[in-house]
Amino acid sequence: MTTPLIPQDDFNEITQLIHAARQRAVLAVNTSLIELYWQVGQFISRKIQQAEWGDGVVAQLAEHLALTQPGLRGFTSRNLFRMRQFYEAYSDEKLVTALLTQLPWTHNLIILNQAKLLEEREFYLRLAIREKWSSRELERQLKTALFERTVLSPLKVSPLVRQIHSDAMNVFKDSYMLEFLDLPQGHAEADLHQGLLQRLKDFLIELGRDFCFVGSEYPLQVGGRDFALDLLFFHRGLNCLVAIELKVGRFEPEYLGKLGFYLEALDRDVKKPHEQPAIGVLLCASKDDEVVEYALSRSLSPALIAEYQTQLPDKALLQAKLHEFYLQNAPDEVSENEN
């Protein structure tokens, strides 16, 4: 008797079940590990605070664990100190502690060591979870001073973006770091365009997890004339097409007219019935925020203007500006904390 051929989709379902079970197992192990490190850090912290232990006892504890638990890894005196630091950094912040078990220990250590403010740590915790950053990408985002740039330069969008896509403010950025392109000074638009296509994976990571690439120089035909949109993406979360026009100079208000034309063509001829209206992004080498605000305030298209940077920013300078920003906006609170 001949065995009937089984559809591959049936086998794929089993594969997906196995994959999902493995992911749950990994998450469960990570959660248990982070909780253990938290409890150990809590125990050490309380012993030291109550003057029952001195700092030197931690080294004795590490030696004891090495002798009594052969093969146990991760409990060196240095790591035990980190566990104590980990607990003390978040012990009073219940909203933040709920995020900690969703990331590996390595990610938690990177954020703990490189982000100093609590709100900065929470910022990176939430983004690392949402974007599923690798430890390497998390370190890159810290080097690019994403938190400082986000606070100091909030995203500016047209009124229609807020009206149609209320979540867009959590998706797009005011500036994008393209240092991985290694572009020379005075590069042409073609260099920028080609570089983004060659490093598309890196560009997608910089854009965000839900962006999907649709096409380059995407053809649009209107009234018998042919037009080409620089880059076209789709955002799964917003359920809409995202048109990106590249400009190697500063933003000029007249650019919005062309972008609005492209968005109208996409909505009429490309958008599917279940999708939301397209969003347009003008990615420029530089922009004047006041000019951007004026240009967007009466724009009838769902558009935003962002700038790209080809070199890592001076993080120390941005941190100084952020400190000044906090002093200006919350002088009483900051003064009390400093005192």
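Predicted model: local features only at pLDDT ≥ 70, side-chain atom pairs only at ≥ 80, totals over all residues.
Trainee: Why are α3 and α5 called roughly perpendicular?

Mentor: The axes of α3 (residues 77-90) and α5 (residues 105-114) cross at roughly 70°. Angles of 65 to 115 degrees count as roughly perpendicular, and α3 and α5 are therefore given that name. Their axes come within 11 Å, and the crossing is left-handed.

Trainee: What makes the contact of α3 with α5, and how is it divided by class?

Mentor: Contact means heavy atoms within 4.5 Å. On the α3 side the residues are Asn-79, Arg-82, Met-83, Gln-85, Phe-86, Ala-89 and Tyr-90. On the α5 side they are Trp-105, Asn-108, Leu-109, Ile-111, Leu-112 and Asn-113. By class, that contact has 8 nonpolar, 4 polar and 1 charged residues.

Trainee: Why is α5 called roughly antiparallel to α6?

Mentor: The axes of α5 and α6 cross at roughly 155° and come within 9 Å. Angles over 145 degrees count as roughly antiparallel, so α5 is roughly antiparallel to α6. The crossing of these two helices is right-handed.

Trainee: Which residues of α5 and α6 meet?

Mentor: Asn-108, Ile-111, Leu-112 and Gln-114 of α5 meet Glu-120, Arg-121, Tyr-124 and Leu-125 of α6. These divide into 4 nonpolar, 2 polar and 2 charged.

Trainee: What makes a space a cavity rather than a pocket, and how many cavities of 30 Å³ or more does the structure hold?

Mentor: In a cavity a 1.4 Å probe fits but cannot get out, whereas a pocket is open. The structure holds 1 cavity of 30 Å³ or more. The volume of the largest cavity is about 50 Å³, which is above that cut-off.

Trainee: How do you know the class of the residues that line the largest cavity?

Mentor: Its lining consists of Phe-172, Tyr-176, Phe-203, Leu-207, Phe-211, Val-242, Ile-244, Val-281 and Leu-283. Two or more of the lining residues come from each of α11, β4 (240-250) and β5 (276-286). Phe, Tyr, Leu, Val and Ile count as nonpolar, so the lining divides into 9 nonpolar, no polar and no charged residues.

Technical notes
Residues numbered from 1 in each chain as written. Heavy atoms only, no water. 1 Å grid on protein atoms, 1.4 Å probe; cavity = no way out; pocket = protein on both sides within 12 Å on 5 of 7 lines; lining within 4 Å. Points joined across faces, edges and corners; volume = space filled by probe spheres on them. Helix = DSSP H or I, 4+ residues; strand = E, 2+ residues; numbered from the N terminus. Axes fitted to C-alpha atoms, helices over the stretch in contact; angles between N-to-C directions. Parallel < 35°, antiparallel > 145°, perpendicular 65-115°, else oblique. Left-handed = near helix turned anticlockwise from the far one by under 90°.
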